[in-house]
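Hi,

Here is the model I promised you.

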Amino acid sequence: MADLKSTFLNVYSVLKSELLHDPAFEWSEDSRQWVDRMLDYNVPGGKLNRGLSVIDSYRLLKEGQALNDDEIFQASALGWCIEWLQAYFLVLDDIMDNSHTRRGQPCWFRVPKVGMIAANDGVLLRNHIPRILRKHFKGKPYYVELLDLFNEVEFQTAAGQMIDLITTLEGEKDLSKYTLSLHRRIVQYKTAYYSFYLPVACALLMAGEDLDNHVDVKNILVEMGTYFQVQDDYLDCFGDPETIGKIGTDIEDFKCSWVVVKALELCNEEQKKVLHENYGKPDPANVAIVKTLYNELNLEGAFAEYESASYEKLVTSIEAHPSSAVQAVLKSFLAKIYKRQK
């Protein structure tokens, strides 16, 4: 795995160098240095799970056949396109959420001299994706499908982000609209498509598959993405900031988090009143009251229950799939996220 990661990181260096010498733009030393630093700060810093899983998935779809260097490079390039997409979303997301830290360091827009230039950097990151695809996939029979896939998933993610943002509008803070079905819609669009479906869809296209024949795979991966985001919501509140690399602010930000939705489902009228009065307030005293209520409601237990039920349901769906190679891909995804701590 360490070897795969270092190969993957080498591909990042190649792609970055190509982008920094893109002939469509006349580069100056300043502009090249800016993009170089911006990419290193935002693209390779995460766990790289989404990117690496394109290679893993493609390898499993090839059922034990050794991959040649070209295949490894191409699967890695697609993996990096997903990491670029992720970086684009996070840079802009952090501005919208007025966040402070990301991956254990200041958000890009918080870096001195960056500020709102970060908004344009986000646009640049997004535009790097078709540059990479054009350079490395233009001759492939699935090139148009790849472009279409990235465009569609980006649209779904932006639409999910929109529902999330308009739900938490200032001055319209109404906890009563927070339901499991709203939570599910936000999560499905904002996270599940790009984090879970996209890496596997890339691998399927590389393997010569038609995505229209794999709607069942998409549905299972979207379920898995939903489970992943519920874990994320839980960790935002109950996880260790040292381990997860960020300080959770869902309570202060009035987020439609699984934790608050579950709390609303479990609490009595008195507790509901406490929640309404304290949720979405920036004062640490209000946050502490919400967290105390969460403990009274035993949300850790409710989460453990949710986790095991989701896991069993996913395993059942996966085992019903006719292809053992596809089953292997889906099982490897599930194994990576089950009971994670970060």
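Helix α10 (residues 258-266) is largely enclosed by the rest of the structure, because seven of its nine residues are buried. Buried here means under 20% relative accessible area, with exposed being over 50% and partly exposed in between (1.4 Å probe, protein chains only). Helices are DSSP runs (H or I, at least four residues), numbered from the N terminus. The buried residues of α10 are W258, V259, V260, V261, K262, A263 and L264, and they pack against α7 (180-206), α8 (215-238), α11 (269-278), α12 and α13 (299-319).

Before you read on: this is a predicted model, where local features need pLDDT of at least 70, side-chain atom pairs count only at pLDDT 80 or more, and totals for chains, interfaces and linings use all residues. Residues are numbered from 1 along each chain as its sequence is written, and side-chain values use heavy atoms, with hydrogens and water left out.

Now the salt bridges, meaning a side-chain nitrogen of Lys or Arg within 4 Å of a carboxyl oxygen of Asp or Glu. The count comes to 14. One of them joins D36 to K16, with the closest N and O atoms 2.7 Å apart. D36 is in helix α2 (residues 29-42) and K16 in helix α1 (residues 2-20), so this pair ties together parts that are 20 residues apart in sequence. K16 is buried, at 14% relative accessible area, while D36 counts as partly exposed at 25%.

E223 and K313 form another, at 3.9 Å between the closest N and O atoms. With E223 in helix α8 and K313 in helix α13, the pair ties together parts 90 residues apart in sequence. K313 counts as exposed at 53% relative accessibility; E223, at 25%, is partly exposed.

Within helix α11, E277 and K273 sit four residues apart, about one turn of the helix, and their side chains meet in a salt bridge (3.1 Å, N to O).

(Lys and Arg count as positive, Asp and Glu as negative; His and the chain ends are not counted.) Leaving aside neighbours within four places in sequence, E83 is in contact (heavy atoms within 4.5 Å) with F8, V43, L48, N49, R50, G51 and R103.

Cheers

Terms used: Helix = DSSP H or I, 4+ residues; strand = E, 2+ residues; numbered from the N terminus.
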